[in-house]
Amino acid sequence: MSNSHASQDAPSRRFSVLRNLWPFIRPYRGRMLLAFLLLCLGSGTLLLVPLAFRDLIDFGFGQQPKASSGWLASLSLNGHFAALFGLACLWALAIAGRYYTVNWVGERVTADLRSAVYARVVQQSPAFFETLQTGEVLSRLTGDTTLIQTVVGSSISMGLRSLFQCVGGMAMLAMTSFYLFSLNLGLMSVLMLPLFAIGRQVKKLSRESQDKIADASALAGEILNAVPTVQAYTQENSEIQRFAKRAELSFITAIRRSRFRAALSALIIMAVMGSIVFVLWVGAQQVRAGEMSGGQLAAFVLYATLVASGVSTLAEVWGDLMRAIGAAERLMELLRAQTAISDAADGRQVLPADADAAEIAFRHVVFSYPSRPQIPALAQINFTISAGESVALVGPSGAGKTTLFQLLLRFYDAGQGEILFNGRDIRRLSLQNLRSNIAIVPQDAVIFSENALENIRYGRPAASDAEVLRAAQAAQADEFIRRLPEGYQTFLGERGVRLSGGQRQRIAIARAMLKNAPLLLLDEATSALDAESEILVQEGLNAAMQGRTSLIIAHRLATVKKVDRIIVLDQGRVVEMGSPEDLRKQGGLYARLANLQFDF
Ligand SMILES: Nc1ncnc2c1ncn2[C@@H]1O[C@H](COP(=O)(O)OP(=O)(O)OP(=O)(O)O)[C@@H](O)[C@H]1O
């Protein structure tokens, strides 16, 4: 997985990761305060219960209280029980109130955190997704945020409650019988020491286990997106095994963690119970010798149990905290991700809204993909496309045609040189404005799990139904959409699996037409069409290209016979440029490619 895990950091540094969650908790600090007050009330009530028991045992049966025994001591037997019940009710209400409040904050914070991480991820440039698989992002968005929810929504309050219980319980123990308290404390601290070593191991394994789960999700995400290919190559079994292997790895790590955690629990219980039993035995001797009352011993045992259960909860909370630290680290990494492409400080210019055609100029553009800095994908690209011109980009596979589109859309920035849109450097334009002036029909038409109407409207969300229909008609999509079971309201399935390649492409063309942007980028827009619909779509495209600047990537040269100009790219360089006629006459790369595809 990623290199993000500062696994060997000092605990204090790692704890500070949790501080990054504060901005998410801050807006709800009022509720947190309320929860804290309820927590104090609950813990206070709980700590009074053993005292009520002590008085019940010592005075409820008729013994005369001493003046120093407090008002509870003078109650009747029924009164003692009523007092106990009253305490229990108060305790229950305080617990319910705190549980609700804290859970509310936990759920709220998680939802906010999820949205913030998602918003950050969606804004990343493609370079980000070259290194991080979407499955992993999903695992962080769901699994890791749930861990945070556990901590904010329960562990913190459980931890505080247990801490109160422990500290308060110990104070009461000391007050009840200092001798027995010191004995108990001494014993426990000796027994607890080995537990820290095991706790450390649990922490390490927890993180490993989370990583393994994320690995498995990443793989599942990738394969589920490619099920038809997997099946066509009959690789189901090998994929099943590959996933099973990863799932097995996460199981093994999780089980190792559970083993350590189980041992930890057993040791804690043994240490705690062992010392309680021993102290009880010593206390029983004292009661027999008349040095202590039965009620006092009972209160002591109850306090000791409170302290013990507090300690074991604290251990559990500690484990949750450790897991949450790992989760917070991974989430913060996403939250802090800086997109490589953003508006420059001086780059918020906008193009005039009435521009209906765009002039594009590439000036000495040199570019290498960040993952391959040594190999230039584009080298010294120079050309100008006048407003309203239609230009085809032609060249062998890997020549850099798609890369040119990527740079125009500013998915990446050119290493050297500049790209001008209506005379302005695109890096000076606001990203939003630049992209709103470009409509693209990509090679792989993307269909969202929505109906046909909304899929086309994606091009311009404010468009009316009538405008959507007009765009669909122009893109020759109207006829097939009307034949779908519910016409424009037909749900197109996730990623458009219920459409043919050509139909998907026509939806994408309609979407781009609806956007009505001055620059139209078509990436092999008619590649998935049969000859007949190709002619139809071509007509639609011609209409869309009218008066608009268009840049068309074409493998099949027949589709671009009518363009004004052709730019021929080879290995990242412009090797020829001119009208289709001129290029054919020149007898260069274009003429060679054209001769291969059709006879003149
Ligand atoms: N994300 C990427 N990271 C690194 N290199 C890339 C990336 N995308 C493309 N390339 C490389 O950049 C070069 C140009 O690719 P590009 O996709 O622009 O070619 P193309 O002309 O559009 O090819 P095709 O017609 O096959 O789509 C190729 O050598 C390709 O391997």
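These legends walk through several views of one predicted model, from the whole chain to single residues. Residues are numbered from 1 along each chain as its sequence is written. Because the model is predicted, local features need pLDDT of at least 70 and side-chain atom pairs count only at pLDDT 80 or more, while totals for chains, interfaces and linings use all residues.

**View 1. The whole protein at a glance.** The protein has 19 helices and ten strands; these are DSSP runs numbered from the N terminus, with helices being H or I of at least four residues and strands E of at least two. Along the principal axes, its C-alpha atoms fill a box of roughly 120 × 50 × 50 Å. The radius of gyration is 36 Å, whereas a compact globule of 600 residues would have one near 25 Å (taken over C-alpha atoms, with a globule rule of 2.2 Å times the number of residues to the power 0.38). Of the 600 residues, 36% count as buried. A residue is buried if 20 or more other C-beta atoms lie within 10 Å of its own, exposed if 12 or fewer, and partly exposed in between, with C-beta atoms placed from the backbone. Among contacts with a separation of 6 or more, 80% join residues 24 or more positions apart; two residues are in contact if their C-beta atoms, placed from the backbone, lie within 7 Å.

View 2. Helix α7 covers residues 178-224, which is 47 residues. From first C-alpha to last it reaches 65 Å, close to the 69 Å expected at 1.5 Å a residue (the expected span is 1.5 Å times one less than the number of residues). Look for the kink of about 30 degrees at L193, shortly before the proline P194; the bend is the angle between axes fitted to the seven residues ending there and the seven starting there. L191 is also found in α7. L191 counts as partly exposed because 16 other C-beta atoms lie within 10 Å. Leaving aside neighbours within four places in sequence, L191 is in contact with A271 and S275.

**View 3. Helix α9 and the helices it meets.** With 53 residues (236-288), α9 reaches 75 Å between its first and last C-alpha, close to the expected 78 Å. Its buried residues include L264, I268, A271 and S275, and the buried residues of this helix pack against α7 and α10. After α9 comes G290, whose phi is positive, near 80 degrees.

**View 4. A315 in helix α10.** A315 is found in α10, residues 294-336. A315 counts as buried because 20 other C-beta atoms lie within 10 Å. Its contacts, apart from neighbours within four places in sequence, are L264 and I268. A289 is 26 residues from A315 in sequence, and the two are 37 Å apart in space, C-alpha to C-alpha.

**View 5. The shell around the ligand.** Surrounding the ligand are 13 residues, and the closest are Y369, S397, K401, T402 and T403 (a residue is near if its C-beta atom, placed from the backbone, lies within 6 Å). Helix α11, residues 401-408, gives the largest share of this shell, three residues. The shell divides into three nonpolar, seven polar and three charged residues. Here Ala, Val, Leu, Ile, Met, Phe, Trp, Tyr, Cys and Pro count as nonpolar, Asp, Glu, Lys and Arg as charged, and the others, Gly among them, as polar.

**View 6. Helix α14 and its end.** In α14, residues 465-474, the buried residues are V468, L469, A471, A472 and A474. Just after this helix, Q476 takes a positive phi of about 60 degrees.
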